[in-house]
Amino acid sequence: MTRSEISGVLVVDKPAGPTSHDVVDRVRRALGTRRAGHTGTLDPFATGVLPVCVGKATRLARFLGGGEKVYEATIRLGFATTTDDLHGQPLGSPREVSIDGAALAEACRGLRGPIRQVPPAYSARRVGGQRLYDLARRGMDVEREASPVTVHALEVLRFANDRVDVSVTCSPGTYVRALARDLGEALGVGGHLVALRRTRSGDFGLDQAVDGAAPSPAWEQRLLPMGALLPGLPSVHVGAEGAAALRHGRDLTRALVSSGFPPEPRERFRVLDEGGRLLALAVPRGFGAPPPSLQVEPVLHPEIVLAE
């Protein structure tokens with residue numbers, strides 16, 4: 001395999017300090033490739049799972065970053081900050097933290113489930129086409145519209161003095177910094193995030209990760225192959241004729257699918273060759289009950305073609 005053909009996902013255990021873009025640069029240099037990108041940013045002080053797409057896998061980044069996220073976080077109570085984390089300026093004087101476990105549990109319950117979350121002032125969310133962090137750095141106070149997110153789980157692991165360790169399972173787009181801020185507000189004492197570690201991002205976990213602080217050409221051996229990606233999607237298999245049709249952007253009819261042609265539509269399918277290599281993502285068309293005068297054979301239409 002030549003260096004230009006390397007494709008897959010490298011799960012990196014990001015260390016504290018570098019940005020997510022810095023980690024992607026380390027992957028590019030270690031693997032000798034220019035085509036690489038992450039599936040979801042971690043703040044510089046945060047650590048943990050950062051999936052990096054390499055080669056053809058970069059075309060799948062928007063799908064690979066869509067799964068649930070799992071974090072372990074430490075929240076300091078007593079005051080909020082301008083950035084909702086330890087790097088911001090305090091908003092007011094510190095307040096005494098005198099709460100019990102019952103009050104903390106009740107505050108956590110109020111932040112679970114489908115909620116509307118106001119993003120941090122220093123975040124990548126756009127307002128009027130500009131990043132919020134750019135506006136904040138210029139001293140501009142703009143209204144931040146709340147976005148729908150889902151917090152599937154928010155559990156207290158440890159609580160001592162002004163520190164709360166929590167486990168969070170949430171939808172993509174959820175800011176744990178904002179959860180820290182909102183928990184402090186619910187308790188009436190303020191709060192901000194002081195440590196964050198992502199233990200899972202979608203299908204990717206720490207058990208698959210390489211040490212992001214020690215780049216190595218050996219990382220190539222830890223790439224998750226294309227055929228192992230998006231295991232939650234249903235799969236169909238094609239032979240040589242079906243693969244040729246995909247390379248030319250043609251729809252897959254029932255005759256071109258060797259196994260797995262769906263009896264009914266699903267949102268999206270993986271298309272694999274007989275060796276298990278991922279050739280494309282396809283969407284169904286023509287399923288259902290068309291009028292008798294419009295008998296349309298159901299097909300799978302290639303949405304993203306990876307075969308060359």
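Which residues are buried in helix H3 (residues 101–109)? In this predicted model, Leu104, Ala107 and Cys108 of H3 are buried, where buried means a relative accessible area under 20%, exposed over 50% and partly exposed in between, computed with a 1.4 Å probe on protein chains only. Seen down the axis of H3, these buried residues fall within an arc of 100 degrees, so they line one face of the helix; the arc is that of the directions from the helix axis to the C-beta atoms. An α-helix has 3.6 residues a turn, so residues three or four places apart point the same way.

The model is predicted, so local features need a pLDDT of at least 70 and side-chain atom pairs count only at pLDDT 80 or more, whereas totals for chains, interfaces and linings use all residues. Residues are numbered from 1 along each chain as its sequence is written, and side-chain values use heavy atoms, with hydrogens and water left out.

The secondary structure of the protein comes to six helices and 19 strands. Helices (H or I, at least four residues) and strands (E, at least two) are DSSP runs, numbered from the N terminus. Of the 308 residues of the protein, 46% count as buried. Along the principal axes, the C-alpha atoms fill a box of roughly 70 × 55 × 40 Å. Among contacts (heavy atoms within 4.5 Å) with a separation of 6 or more, 66% are accounted for by residues 24 or more positions apart.

The buried residues of H3 are covered by elements that include strand S10 (147–160), strand S11 (163–170) and helix H5 (176–187). Two packed helices are described by the angle between their axes and the distance between the axes. The axes of H3 and H5 come within 9 Å and cross at roughly 130 degrees, which makes H3 oblique to H5. Axes are lines fitted to C-alpha atoms, for helices over the stretch in contact, and angles run from 0 to 180 degrees between N-to-C directions. Angles under 35 degrees count as roughly parallel, over 145 as roughly antiparallel, 65 to 115 as roughly perpendicular and the rest as oblique. H3 passes H5 in a right-handed crossing; a crossing is left-handed if the near helix is turned anticlockwise from the far one by less than a right angle, and right-handed if clockwise. On the H3 side, the contact is made by Ala103, Leu104, Ala107 and Cys108, and on the H5 side by Leu183, Ala186 and Leu187. By class, this contact has seven nonpolar, no polar and no charged residues. Ala, Val, Leu, Ile, Met, Phe, Trp, Tyr, Cys and Pro count as nonpolar, Asp, Glu, Lys and Arg as charged, and the others, Gly among them, as polar.

In helix H6 (residues 240–247), the buried residues are Gly242, Ala243, Ala245 and Leu246. They cover an arc of only 155 degrees around the axis, which puts them on the same side of H6. The buried residues of H6 pack against strand S15 (235–238), strand S17 (269–273), strand S18 (278–285) and strand S19 (299–305). The exposed residues Ala240 and Glu241 are carried on the face of H6 turned away from its buried side. Gly249, which follows H6, has a positive phi near 75 degrees.

Positive phi values also occur in residues other than glycine. Asp84, in the loop between strand S5 (80–81) and strand S6 (90–91), has a phi near 70 degrees and is buried, with a relative accessible area of 4%. Asn161, in the loop between S10 and S11, has a positive phi of about 55 degrees and is exposed, with a relative accessible area of 67%.

Glu145 lies in the loop between helix H4 (132–137) and S10 and is exposed, at 62% relative accessible area. Leaving aside neighbours within four places in sequence, Glu145 is in contact with Arg116, Gln117 and Pro119. The C-alpha atoms of Glu145 and Val127 are separated by 8.6 Å, at 18 residues apart along the chain.

Arg28 is placed in helix H1 and is partly exposed, with a relative accessible area of 23%. Arg28 and Pro215 are 187 residues apart in sequence and 9.8 Å apart in space, C-alpha to C-alpha. Arg35 is found in the loop between helix H1 (20–31) and strand S2 (36–38), and counts as partly exposed at 41% relative accessibility.
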